[in-house]
Amino acid sequence: MWRASVLTIFPEMFPGPLGVSLAGRAMSAGLWSLEARDIRDAATDKHRTVDDTPAGGGPGMVMKADVLAAALDAIPQDGRPRLLTSPRGAPLTQERVRALAAGPGVVILCTRFEGVDERLIKARHLEEVSLGDFVLSGGEPAALALLDACVRLIPGVMGKEASGVEESFSEGLLEYPQYTRPAVFEGEPIPEILTSGDHAKVAAWRQAEAERITRERRPDLWAAYTAASFGVEGPPRAVGPHEGRELALMRSGAKPLSMFVAPASDETPAFPEEEFDSLINEGKLTKKVVIETMPGPGGPVEIRRVLYARQGEEWRIEAFLMLQALYGTLPGWRVDLERLTGLLLGYDRKDIEGFLARVLRRRPGALRG
Ligand SMILES: C[S@@+](CC[C@H](N)C(=O)[O-])C[C@H]1O[C@@H](n2cnc3c(N)ncnc32)[C@H](O)[C@@H]1O
């Protein structure tokens, strides 16, 4: 059973929303448990004091390290991570939630006022977790949100396991748009593709929509997603080891093929097209532009794909386009086609295998072939 222990001066706030719906049913079914302990029980004075004035002066009160330590130490060390709710903490992510849900449970210290004496955090090795870049009046709402996010991922809690697999952040992308009956709402129909019954096309549309929405709304996620897709460690500014260096690599002859793709309507150039074109005039490169139409929520979207090949490597352009066409007819990711794509673009084996390993880690069932 997944076990949660919450330390708070307001135990009456729990279980609150976690006592109803999915989390409530799962608790009744014994899939997880929640105990809320009152920090004041660990105080030793008759006023059950948990806070004091800040050292060095300043507004508000700070929660006392000795009282909080006593409250924490009353919970046996059983391998569960010990979290402290704090706006200074690492922003909570689905990845962290998944890891917490896969473990034995959590111990959460909810603080109030100006926060807690810094010495406690070090002395009890607490992991500071933030709900986001805003300030709450206390840690309890953050603990409720964290627990809600974890409990729904505990095996057996959500009816169809798939619900937790295909959703925002599961693949590093925001989720594609969802639709349901009525077929037409205030004049807007459900996108045709979704009622076509063609699962491969629906899957491709959903992937494209998830990528578009992520690119538009969360460039940080998009950068991380595209970086991970090409096996680049570290800050995800680059899509792949050649990212941003294509021109120099093609000029030097180290790269046989480059491919750039962006919505045809994009005004901002996705790459230094003029400089690439100057290499054509020098007889070094060949260029091909392909306009493709993709179904979009608001109707067909035009995608502009630009390919450059070095002299003598023109065959790679046609091979790449044939590969893309084949890929479009198949569901999901494919090891064989991913390897070929990387080889055509001039990536070395190490980079390609690194990328495949990363995708497999993130999406164990994703790769076929
Ligand atoms: C008013 S806040 C203290 C803010 C603190 N003085 C600061 O500026 O960082 C009181 C408590 O609310 C909780 N809290 C506030 N914002 C939070 C956030 N974004 N994520 C998690 N917990 C938060 C923490 O437990 C914090 O100790």
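**Close-up 1. Glu273 in helix H10.** Glu273 lies in helix H10, which covers residues 273-281. Helices (H or I, at least four residues) and strands (E, at least two) are DSSP runs, numbered from the N terminus. This is a predicted model: local features need pLDDT of at least 70, side-chain atom pairs count only at pLDDT 80 or more, and totals for chains, interfaces and linings use all residues. Residues are numbered from 1 along each chain as its sequence is written, and side-chain values use heavy atoms, with hydrogens and water left out. Glu273 counts as buried because its relative accessible area is 19%. Buried means under 20%, exposed over 50%, and partly exposed in between (1.4 Å probe, protein chains only). The side chain of Glu273 makes a polar contact of 2.7 Å with the side chain of Arg304. A polar contact is a pair of N or O atoms within 3.5 Å; within protein, one must be able to donate a hydrogen and the other to accept it, and residues adjacent in sequence count only if both atoms are side-chain atoms.

Close-up 2. A backbone N or O atom of Gly132 is 3.0 Å from a ligand nitrogen atom. For Glu114, a backbone N or O atom lies 3.1 Å from a nitrogen atom of the ligand. A polar backbone atom of Ser86 is 3.3 Å from a ligand nitrogen. On its own the ligand has 580 Å² of accessible area, and the protein covers 83% of that. Accessible areas come from the Shrake-Rupley method with a 1.4 Å probe; for residues, only the protein chains shown count as cover.

Close-up 3. Leu131 sits in the loop between strand E7 (127-130) and helix H5 (140-151). Its relative accessible area is 33%, so Leu131 is partly exposed. Of the 19 residues around the ligand, Thr85, Thr111, Leu131, Phe134 and Leu136 come nearest. A residue is near a molecule if one of its heavy atoms lies within 4 Å of it.

**Close-up 4. Arg25 and Val157.** Arg25 is found in helix H1, residues 21-28. Arg25 is exposed because its relative accessible area is 54%. Arg25 and Val157 are 132 residues apart along the chain, yet their C-alpha atoms are separated by 8.2 Å.

**Close-up 5. The buried residues of helix H11.** Arg316, Ile317, Ala319, Phe320, Leu321, Leu323 and Tyr327 are the buried residues of H11.
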